[in-house]
Amino acid sequence: MHHESGVDGQTHEDTNVTDSFELPGVPDAFQRLWTPHRLAYIKGGQGQFNKQEDCPFCAAPARSDQESLIVHRGSSAYVVLNLFPYNPGHLLVCPYRHVPDYTDITSEETVEIAQLTQTAMHALRNVARPTGFNLGMNQGVTGGAGIASHLHQHVVPRWSGDGNFFPIIAQTKAITQTLDEVRAQLAAAWEEASATPTDAGAGDAE
């Protein structure tokens, strides 16, 4: 696509997103996907979410399901879409309490997080037919947790061929659906999924 360039070689559209350094650039062949929404995480680092009042997982339940991308609210934990998904339907199961470690949660929270994880898998199978899942908790900064101060369980649906060259070489992941579309589909499927017997398991994927 051709854009009219200014005197400095920038397009008029570029001037709206150029940073304050105003450094000269060298044209190249690379396409760039701009992700300014990640700037808060990059600039603030891990320390910005240490306190409960700054934690997005604590703030989310206070807003509407649509605004916070919440799929289901339980008694002691809730299910929310990951804002930066690895795959479409990447869910997080979070306790309402602001606790960092798996050993910090109560028996009731442990049971409900496990049950919500199972229901999330059933719902994803009903909606998107994944052929596999990655489940896990990254504990602590050194364990790879993006927000280490608030425990969250990842539920990542997987399909054959979803780990292609694009994320490996280009550090870029193509997501085929908008988050609000995925949230609406999973929320609608949740009631049926919660009634699925836990021993049905892998049969849902067939």
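The report below takes up confidence, the sheet, the salt bridges and the aromatic pair in turn.

## Basis and confidence

This is a predicted model, in which local features need pLDDT of at least 70 and side-chain atom pairs count only at pLDDT 80 or more, while totals for chains, interfaces and linings use all residues. Residues are numbered from 1 along each chain as its sequence is written, and side-chain values use heavy atoms, with hydrogens and water left out.

The protein chain has an average pLDDT of 77, a score that gives the predictor's confidence in each residue from 0 to 100. At least 70 is reached by 63% of the residues. Over residues 1-8 the pLDDT stays under 50, and the model has seven contacts for them beyond four places in sequence; a contact means heavy atoms within 4.5 Å. Residues 168-172 also have a pLDDT below 50, with six contacts beyond near neighbours in sequence. Where pLDDT is low, predicted coordinates should not be read in detail.

## The sheet

Five strands form an open sheet in the order β1-β2-β3-β5-β4, and their pairing is antiparallel. From one strand to the next the twist averages 15°. Strands (E, at least two residues) and helices (H or I, at least four) are DSSP runs numbered from the N terminus, and two strands pair if DSSP finds at least two bridges between them.

Strand β1 (residues 70-73) is joined to β2 (residues 77-81) by three bridges, and the two make a hairpin with three residues between them. Opposite Arg73 stands Tyr78 in β2. Three bridges also link the antiparallel strands β3 (residues 91-95) and β5 (residues 153-158); Leu91 has Val155 in β5 as its bridge partner. Helix α6 (residues 179-194) packs on the sheet and touches β1, β2 and β3, its direction making about 30° with that of β1. For such angles, axes are lines fitted to C-alpha atoms, for helices over the stretch in contact, and the range is 0 to 180 degrees between N-to-C directions.

## Salt bridges

The structure contains two salt bridges, each defined as a side-chain nitrogen of Lys or Arg within 4 Å of a carboxyl oxygen of Asp or Glu. One joins Arg73 to Asp65, with the closest N and O atoms 2.7 Å apart. Arg73 is partly exposed at a relative accessible area of 32%, and Asp65 is partly exposed at 24%. On this scale, buried means under 20% relative accessible area, exposed over 50% and partly exposed in between (1.4 Å probe, protein chains only).

The other joins Arg97 to Glu109, with closest N and O atoms 2.7 Å apart. This pair links distant parts of the chain, twelve residues apart: Arg97 is in the loop between β3 and α4 (107-128), and Glu109 is in helix α4. Arg97 is partly exposed at 37% relative accessibility, whereas Glu109 is buried at 4%.

## The aromatic pair

There is one aromatic pair in the structure. Rings of Phe, Tyr and Trp (its six-membered ring) pair if their centres lie within 6.5 Å; planes under 30 degrees apart count as stacked, over 60 as edge-to-face and the rest as tilted. The ring centres of Tyr78 and Tyr96 are 5.4 Å apart and their planes are at 20°, so this pair is stacked.

Tyr78 lies in strand β2 and Tyr96 in the loop between β3 and α4, so the pair ties together parts 18 residues apart in sequence. Tyr78 is buried, with a relative accessible area of 0%, while Tyr96 is partly exposed at 26% relative accessibility.
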